[in-house]
Amino acid sequence: MTRMYHNLPVEAYTSQGWFDREQRLIFSQTWRFAGLAEDVPEPGHYVSVQAGLNNIFIVMGRDHRLRAFHNICRHRGTQLIRAVGKTQKALTCPYHDWTYDLEGNLISVPDESTEYPNGVDKKCFGLKPASVDVWRGMLFVHPDPDAPSLAAWFGDVDPHLGPHKAEELVEYPEARNAYEIKANWKIVVENYIDVYHLSHLHSKTLYMYDHGKAEYGWKGPHYHFWEPPSAEYSENLEKNLPTPRVIPEPHVGAWVPMLFPGIGIGAGEDSWNLFIITPLAPDLTRIENRTKLANASQWEFQKQEWSSWGFWKGFGGAKYEGKDAMNENDPMASGDFTTEDIYACEQQQKSLTSPYFEVGPPANGESPVTRHQQAVLDFMTAQETAEN
Amino acid sequence: MNTEFHNLTVAERREEIGGDATSLTFAIPAGLETHFQWQAGQHLPLRFVVDGQEHRRCYTISNPPGAPLRITVKRVTGGVISNYVADRLAVGDTIEAQLPLGRFALKPGNMKRRTHYFFGAGSGITPLFSMINAVLLSEPHSVAHLIYGNKNAKSIIFREELGALSAAHPGRFTLRHVLSSPSVWTWSSPWRNGRVDAETIAAAITETPPVAQDVQYWICGPGEMNKSTRSALLGLDVPDNRIHLESFGGAATIDTSVEGIAATAFITLNGAAHTVSVASGQTILEAMLAAGLMPNFSCQSGVCGSCKANLKKGRVHMRAQMALDDQEVAAGGILTCQSVAETDTIAIELP
């Protein structure tokens, strides 16, 4: 009998077969986060991003419009496309210098008359277009040039994501990092949206918010979550915020949605954070964090740091201390909620290969976990149906 | 093509820009409501009889779909119809209209997420005004940017309405006035002085670059402005298939370099064959009308496309061809009102 992990078979978290199906049916068929809008700030700038099985190249034209193409030279398929030239009007593959214009048309084949005595029908070898769009200050790509719009994809969940205008905030470069978690990507998502664990795993780290008053739900495959500040934190909230506000008063709380698939946002009164989950292998997942803060002066930041010092100096701590800690490197003694989460995810993944593993009943606060499993199943089923 | 004319009654008239333009709202006869539907940007082919003489005109509908059927007509010095509309046409009078038509049309979509740039000058605002309203009403995830050129503040058609739209939709509509000869004492300063030229266009796009990346460019002004706006956009690497334009007024680019020769035209109209002689310098439409044929036509300036036909044999020269795209021209599409013969025998098929 298939061993289950709530709604999914355990092998959904451990097998290469499931991983490959998810890559094909989910990550190659959805809008994929490709960075912040400011990553492509000027005409001629470009980035490329892996979106499931596709590598997609984004370039800005002089009309300030972004173009997206599959990063595959139509000659030998080399993933080398780059924008070159003074006017940044040409895309070229340095392997044999095949060159395309910004609409992806092949415009030049070097030594065409000698290398291709019969000529090359250039109009048959344009770059394959993809879709690109900008939403809430983020770049998104979709491998299908005729993909349904971002309005169709995120429109219903958009009103639940908070009043943040990410495009008006400024990235805090020190907070940008990436790391790997030795667990399946769904374990990481489930940890992110597990409401039950907040008061337990993070009992000493995230208690400035009132998890008991969390409001959460789903719009299609997208999860939305909001919770208010705790009584203690909100008593002097404006004073207690560690950095200047990014949303106007009287908005308060933490918005922590998980957009499908694996696009986490964590936004509060004073910051806006991204938590981008990318599967690398059945048991390996990459996380990319980016943070934006208020577009305020150094002085404003300094003032807020001083005013909030009193609240934060005594805040937080290790879940286990002293003799309860295994050693000085015990993640449970870190006092850092991300370290706590990574540890929980990796320990979770380890048990999935045990022949004795048997999952227990999900709690109310874990309903998002089982709902996400269902969302994965439903999405894959819908894609498979569409394929057949 | 439905070429029947219907009587419309003038339900309301309003003076714009101090009487230099007039907006007419029509009552649609009972039973025809579903036929008189239009897309934002389309026009209304009209037939007027003034002092016993028949005149045909095309005027753009200046309201979005769903609103009352309205046209806005700017007074042209010496213009028979524009002055007739401004001075003589009264509420309760009737005029004759065909059903709305035109390829310069913006079809809004609930789930479409687009950035629309509108470039207009003078009375070229009429289709753009309809389109901007359609976007704001029926395309909730899209934004609109208008760059609007005029002589001075007094000549800005729909100035109050546009101001109200930008106040009502701060995140979705930006309004930029460009004035070529502003009077310093009349009105708060425009976004820029000068014309809607390449520099102005680049500045507007740089100030409000597209967020939604499905970008569309809509141009409506005199022919010269359309041409220069289009070439400015092409100069910024905007692909031509994202540029939509319509010309109006007498200033459209007219190529009169070919005078046209006398010819015999074999005409197929409504399935019947006719032989018509075309005089040197005469358009095919003029020749057909002179021979007593009743082909469809309207604006007679190459803009509306009512007189479109297919050239089956011979060659013609078109003085203007705004209503046709390159593919249609390649496939033999011609506008009879703009075509003079270049070969002594031609054959034409009308729909």
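Q: How many residues bring domain 1 and domain 3 of chain B into contact, and what makes two residues count as being in contact?
A: Five residues of domain 1 of chain B are in contact with seven residues of domain 3 of chain B. The term applies if the C-beta atoms of two residues, placed from the backbone, lie within 7 Å. On the side of domain 1 of chain B that touches domain 3 of chain B, the elements giving two or more residues are strand S3 (43-50) and strand S4 (53-60) of chain B. S4(B) gives the most to this side, with three residues. The residues of this side of domain 1 of chain B divide into two nonpolar, one polar and two charged. Here Ala, Val, Leu, Ile, Met, Phe, Trp, Tyr, Cys and Pro count as nonpolar, Asp, Glu, Lys and Arg as charged, and the others, Gly among them, as polar. This is a predicted model, in which local features need pLDDT of at least 70, side-chain atom pairs count only at pLDDT 80 or more, and totals for chains, interfaces and linings use all residues. Residues are numbered from 1 along each chain as its sequence is written, while chains are lettered from A and ligands numbered from 1 in the order in which they are written.

Q: How do we know where the domains of chain B lie?
A: Their bounds come from an automatic or database domain assignment. For chain B this assignment gives domain 1 (6-97), domain 2 (114-247) and domain 3 (263-349). The C-alpha centres of domain 1 and domain 3 of chain B lie 27 Å apart.

Q: How many residues of each chain are in contact between chain B and chain A?
A: The contact joins 16 residues of chain B to 17 residues of chain A. The side of chain B that touches chain A has ten nonpolar, three polar and three charged residues.

Q: How many helices and strands does chain A have, and why is chain A called as compact as a globular protein of its length?
A: Its secondary structure comes to nine helices and 21 strands; helices (H or I, at least four residues) and strands (E, at least two) are DSSP runs, numbered from the N terminus. The radius of gyration of chain A is 24 Å, close to the 21 Å given by the globule rule for 388 residues, so chain A is as compact as a globular protein of that length. The radius of gyration is taken over C-alpha atoms, and the globule rule is 2.2 Å times the number of residues to the power 0.38.

Q: How does the radius of gyration of chain B stand against that of a compact globule?
A: For 351 residues, a compact globule would have a radius of gyration near 20 Å; chain B has 21 Å, which agrees. Chain B has seven helices and 19 strands.

Q: What makes the pairing of strand S13 and strand S14 of chain B parallel or antiparallel?
A: Strand S13 (residues 263-269) and strand S14 (residues 272-278) of chain B pair in the antiparallel sense over seven bridges. Two strands pair if DSSP finds at least two bridges between them. Thr264(B) stands opposite Ser277(B) in S14(B). The hairpin of S13(B) and S14(B) has two residues between the strands, and Asn270(B) takes a positive phi near 50° there. S13(B) also pairs with strand S19 (residues 345-349) of chain B, in the parallel sense over five bridges. In that pairing Ile267(B) stands opposite Ile348(B) in S19(B).

Q: What span does helix H7 of chain A reach, and where does H7(A) bend?
A: Helix H7 (residues 298-313) of chain A has 16 residues and reaches 21 Å from its first C-alpha to its last, close to the expected 22 Å. The expected span is 1.5 Å times one less than the number of residues. H7(A) bends by about 40° at Ser307(A), the bend being the angle between axes fitted to the seven residues ending there and the seven starting there.
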